[in-house]
Structures are given as C-alpha cells and as structure tokens.
Amino acid sequence: MSPAPLPPGLLGSASPLASAYDGALLDLDGVCFAGAARVPHAADSVNAARVAGMRLSFVTNNASRAPRAVVDKLRANDIQAEPGEVFSAAMDAAVMLTERLAPGSLCLVVGGDGVRQALLDEGFTLTDTAADCPAAVVQGWDPAVDWAMLSEGLYAITAGALHVATNLDATLPTERGFALGNGSLVAAIAHASGKEALAGGKPFPGIYERALARSGATRPIAVGDRLNTDHVGARSAGIPGLHVLTGVNTARDVILADPAERPAFLHTDLRGLIEAHPEPMRDGAWWGVGRERARVSGDRLELAGAGPLQSPITVTLDAYRALAAAAWASADAADGSQAGAQALSLPEITVAA
C-alpha cells in the first residue's frame, strides 16, 4: 500500500514535535554532528527528545561505519545512543538482499567494515574474490575502495552476480569540498558492466520504512539537512520532515525547493524537535507565522515591515517559515512545480533563531 501523500506546505504543531510524534529518524552528518565538529544544540535536543519518550533511530547513507562505530561517534558528541538504534545504508542493502537471495549466500564486498558487518548480521557469507562466484556484489563507500576492488566487483557482476549499491550519492562532503561519493563509484562499475545496480539508502523510501519497522514507532518524523536525499526519501515514505540549517542546504534552498523535496517543519537546528511550531496562516496574499508576515510580490518575496527582499538579509525563524509558506503557495498556484518558486529573485538568507 502506498503511503498517504503529505500536504505540500508547512505544518504546525501546538506541542513540541517530541510530544506530537513518537519517533524520530535522524540523519547524522550535518544534523547530529558536522564531520569532526559539534553541532550546537544537537546533544541537548536529542537527549531531551529521548527523555520525552521519543524513539530514536539514526538513519544514515554512510555505509563505512558499523553501528558500534556510529554510537561511539554520537557519544563523543554527548548524544546518547545504542547500536540497535542505528540503521545505515549498508544495513538497508543487506536487508534488501535477504528478500532476493537464499540465506547464507556468498557476497563480494566492494566497501569497508560497515558493509561487511551488515551482511554478516543478516547471515551472509563473504568473499574478496570473484573467483568464488559470489551471488551478489555489495558496494558501499569506503576510503579503502580502489581500482583493484572495483575491478573485482566488475568481474563478479559480468559473471552473473547481482550488483547492489548501499546508496547513489554522487558526492561526499569533506573539509575541502565535495569528493567522489558512492554513487560515482557505482556508476563506474555500472558503465563497465552495462547493468544498472539495485540501490538502497536515501532518497529511496525503503530505508525509512525498514528503519521504522525496527524502531517500533508509529507516528515518526524524519530529520535531515539535505533536501534531495533526507527529505525526498521521507516525503516518498509519507513521513513528515524537519529540516535543519546545520548542514548542506540553506534557507534559500528550502524556500526555492521542489515540491518533492519540501520539509513539513523548519528550524535552524535540532531544537526544532523540542519546540512547538506555529501553524502558517493565510490572509489574502499574505502568509503569517507567529508575528511575521510574508507574501510574493512580482518576482520577489516581501516581508511585512521590511519590504521586498533584494539583498542578503538576516531574518527571524518565523519570518523564514512565513517566506517559505508564501513561496511554496505561489509556486503551487503557478504550475504545481519548482518552476514557479525558481522564478523568484531571492537573495541569500540567514536565519537567527
């Protein structure tokens, strides 16, 4: 059965999300931490949500870390977690394989410990050589992946093995910028083999559905910083999303988002889990959130009291929400696609919570 479609606009919640929803599916990098750096308010907010009774599941496209390593990373950032609360793209791929291969089937790993542990946990046996005639090649990003490992995977796939990718992320954010992600390496093998890989992870809804089944939550919310993975996957699964500004996508990106990428709730950071969210209200051409009001005027967004936005500006959290509500409504009225929002001339926006 397909999930019920979510409303295209922002939602409101009179009570904190940790009370209104019984589970949170949390992205990691850019949400709970930022590489080697801490994310302000992350630990206090996640731990408070747990105390409020929320079931937590840490859902990540990073296939390089086993659950224990993820927990160690979270605890180093003062976030309480247990291995059973982690669900990675590697685990998603392994569960997908249980639906397609006989128990104990032989798999060749193009990846690292995260992929190996996920496959072992599902009862598969492992090999490093195509000469063993594996039933599947499972590919996940790891810094150890090199030409020899990619070629070994190709040998097995051309001999008939199923090619499974943990995710198709084209890039991987690093301190220096964007490096090659798993999807780019998967594309290399797929190009050489002429066979498309079966993919798990975000933005496919299955990773959320499988993580949710393990967590036991029935009214979940997904939290992420990336629109085209975290929020596309959540919306596809019929799960409302909370977007935070501590990672990849900016406030401007959110306001101009395609309908398939739109979150249901907006905040600067994970305090959004433990706070109420004012409901957007329409008054003619104006959209109001709290004390802030915004509308589309021609090809620009306008804030009441500030006029049309023409240069970089710092706004309040409710002003940001009002701007998104106005832009999305205008885009939907225009043609129901991203084109209406993209026609807006919008400067960079900084949100002060």
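Leu10, Leu11, Ala264, Phe265, Leu266, His277, Pro278, Pro280 and Arg321 line the largest cavity. The model is predicted.

**Cavity**

- The count is 1 cavity of 30 Å³ or more.
- The largest cavity has a volume of about 40 Å³.
- Its lining holds 7 nonpolar residues, 1 polar residue and 1 charged residue.
- Leu10 and Leu11 are among the lining residues, and so is Arg321.

**Largest pocket**

- The volume of the largest pocket is about 750 Å³.
- Its lining comprises 32 residues.
- Asp29, Gly30, Asn62, Leu172 and Pro173 are the lining residues that lie nearest the pocket centre.
- By class, the pocket lining has 8 nonpolar, 14 polar and 10 charged residues.
- Three elements each supply at least two lining residues: strand S2 (33-34), strand S10 (171-174) and helix H9 (227-236).
- S10 gives the most to the pocket lining, with 4 residues.

**Sheet**

- An open sheet is built from 5 strands, with parallel pairing.
- The strand order is S7-S6-S8-S9-S12.
- Strand S7 (125-127) and strand S12 (198-199) form the edges, and each pairs on one side only.
- Strand S6 (residues 106-110) pairs with S7 over 3 bridges, in the parallel sense.
- Leu108 stands opposite Thr127 of S7.

**Helices on the sheet**

- Helix H5 lies across S6, S7 and strand S8 (136-139).
- The direction of H5 runs at about 165 degrees to S6.
- Helix H6 (residues 147-158) also packs on the sheet.
- H6 touches S6, S8 and strand S9 (162-165).
- The direction of H6 makes about 145 degrees with that of S6.

**Helix pair H4 and H5**

- Two packed helices are described by the angle between their axes and the distance between the axes.
- The axes of helix H4 (residues 89-98) and helix H5 (residues 113-121) come within 8 Å.
- These axes cross at roughly 35 degrees.
- The crossing of H4 and H5 is right-handed.
- On the H4 side, the contact is made by Ala90, Met91, Ala94 and Leu97.
- On the H5 side, Gly114, Val115, Ala118 and Leu119 take part.
- The contact of H4 with H5 has 7 nonpolar residues, 1 polar residue and no charged residues.

Key. Residues numbered from 1 in each chain as written. Predicted model: local features only at pLDDT ≥ 70, side-chain atom pairs only at ≥ 80, totals over all residues. Heavy atoms only, no water. Axes fitted to C-alpha atoms, helices over the stretch in contact; angles between N-to-C directions. Left-handed = near helix turned anticlockwise from the far one by under 90°. Contact = heavy atoms within 4.5 Å. Nonpolar A, V, L, I, M, F, W, Y, C, P; charged D, E, K, R; others polar. Pairing = 2+ DSSP bridges. 1 Å grid on protein atoms, 1.4 Å probe; cavity = no way out; pocket = protein on both sides within 12 Å on 5 of 7 lines; lining within 4 Å. Points joined across faces, edges and corners; volume = space filled by probe spheres on them.
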